[in-house]
Amino acid sequence: SIEVSLLRNQTIFAMFSVLGSKRLSTYFEFNDLENFPSFLRTCLTDLLVRFWMFGPFGKPYYRLSIPYLLKSMKAMKTNKVIDLCSGSGGPWPLVQKELLEKHNFPVEVTFTDLFPNLEKAKEVNESNNTFSYIEDSVDASNTPPHLEGFFVMFCSFHHFQKELAKKIIQNAVSKKKGIAIFEMQHRSILAILLVALCLPIGCLILTPFIRPFSFWRLFWTYLIPVIPFFVMHDGVVSCLRTYSVAELRELLNEIEGANEYQWTIESRTRLDFPPIPFTVLVGTPIMSQKEQ
């Protein structure tokens with residue numbers, strides 16, 4: 001079964017919406033390129049982590065995921081997470097802390113990526129027993145059978161073309177795994193304008209606080225500002241590549257076994273500033289709910 005809700009601020013946001021336009025699927029993000037320099041890839045994913053944690057104007061985006069994770073993981077009776085397309089780890093340190101301290105729900109997280117950040121993997125594996133990072137390449141559309149846990153994707157699903165996006169969902173359904181996809185960007189003129197403004201400025205503000213310290217990170221941010229450009233470019237393209245609620249429903253209609261899942265697909269507008277809708281797709285096997 002599928003539960004869909006689309007909540008928007010009609011007076012502010014609807015006039016800026018370009019959801020009726022075709023999703024931009026052929027253009028690229030620098031961070032997707034296989035030959036993109038690993039150092040710059042790390043810089044971009046490190047910045048993405050900070051944006052998730054702090055958000056524009058001090059409004060942390062990661063908190064929007066908490067109710068969905070709590071409800072769906074309890075339905076699955078699991079506290080193990082397989083984070084797909086992890087990059088530098090996303091917002092998980094703060095998500096884990098809030099789940100434990102505010103909801104008494106401890107989680108263990110395993111990070112995976114097609115192009116794993118080996119420096120981050122080493123740091124995680126040596127310093128924390130509730131996080132682990134698989135150093136081998138993991139394909140989100142064909143995960144190894146030994147990976148046990150609830151699949152989660154933070155701000156990465158838009159990277160995939162329709163056929164590969166279907167395979168990612170099909171992989172979870174075929175393995176009877178729960179899956180949660182969170183996209184904090186949106187395909188709209190307002191979102192694009194805010195992303196184009198906030199990401200480069202945020203890059204300039206946050207870069208000195210990113211650890212480990214790197215002279216080259218400062219060089220390519222302030223002296224030759226290629227990192228702010230890459231961040232802005234990839235942020236804008238991310239908005240244009242984001243799936244709408246209707247497109248996500250179309251994907252589910254082509255998934256074998258999707259009718260054996262309870263699906264929630266929502267696009268909700270933040271009530272505070274900035275009023276950018278975030279999109280969520282969550283699926284759990286119906287049988288797990290009957291066993292509650």
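The largest cavity in this predicted model has a volume of about 50 Å³. A cavity here is a set of points on a 1 Å grid over the protein atoms alone where a 1.4 Å probe fits but cannot get out, and its volume is the space filled by probe spheres set on the points, which are joined across faces, edges and corners. Across the whole structure, the search finds two cavities of 30 Å³ or more. Rolling a probe the size of a water molecule over the atoms shows where empty space is left.

Which residues line the largest cavity? They are Phe157, Ile181, Glu183, Thr242, Tyr243, Leu248, Thr279 and Leu281, where a lining residue has an atom within 4 Å of a point. E6 and E8 are the elements that give two or more residues to this lining. Sorted by class, the lining holds five nonpolar, two polar and one charged residues; Ala, Val, Leu, Ile, Met, Phe, Trp, Tyr, Cys and Pro count as nonpolar, Asp, Glu, Lys and Arg as charged, and the others, Gly among them, as polar.

Strand E8 covers residues 277–285, and strand E6 covers residues 179–183. Strands (E, at least two residues) and helices (H or I, at least four) are DSSP runs numbered from the N terminus. E6 and E8 pair in the antiparallel sense over five bridges, pairing being called when DSSP finds at least two bridges between two strands. Ala180 has Val282 in E8 as its bridge partner. E8 is largely enclosed by the rest of the structure because nine of its nine residues are buried, that is, under 20% relative accessible area, with exposed meaning over 50% and partly exposed in between (1.4 Å probe, protein chains only). One side of E8 carries Pro277, Thr279, Leu281, Gly283 and Pro285, the other Phe278, Val280, Val282 and Thr284, and all are buried.

Aromatic rings come next. Rings of Phe, Tyr and Trp (its six-membered ring) pair if their centres lie within 6.5 Å; planes under 30 degrees apart are stacked, over 60 edge-to-face and the rest tilted. By this rule there are 17 aromatic pairs. The ring centres of Phe219 and Trp220 are 5.0 Å apart with planes at 90 degrees, so this pair is edge-to-face. Phe219 is buried at 18% relative accessible area, whereas Trp220 is partly exposed at 28%. Tyr261 and Trp263 are stacked, 5.2 Å centre to centre with 20 degrees between the planes, and both are buried. Ring pairs also link Phe28, Phe30, Phe36, Phe229 and Phe230 into a cluster.

A cis peptide bond, with omega about 5 degrees, joins Arg211 and Pro212; Pro212 is in the loop between helix H6 (189–206) and helix H7 (215–223). Asn104, a residue other than glycine, has a positive phi near 50 degrees and is found in the loop between helix H3 (92–103) and strand E3 (108–111). Is Asn104 buried or exposed? Its relative accessibility is 65%, so Asn104 counts as exposed. Cys155 also has a positive phi, near 55 degrees, but Cys155 is buried, with a relative accessible area of 11%.

Residues are numbered from 1 along each chain as its sequence is written.

How values were computed
This is a predicted model: local features need pLDDT of at least 70, side-chain atom pairs count only at pLDDT 80 or more; totals for chains, interfaces and linings use all residues. Side-chain values use heavy atoms; hydrogens and water are left out. On a 1 Å grid over the protein atoms alone, a cavity is a set of points where a 1.4 Å probe fits but cannot get out, and a pocket is an open set with protein on both sides within 12 Å along at least five of seven lines; lining residues have an atom within 4 Å of a point.
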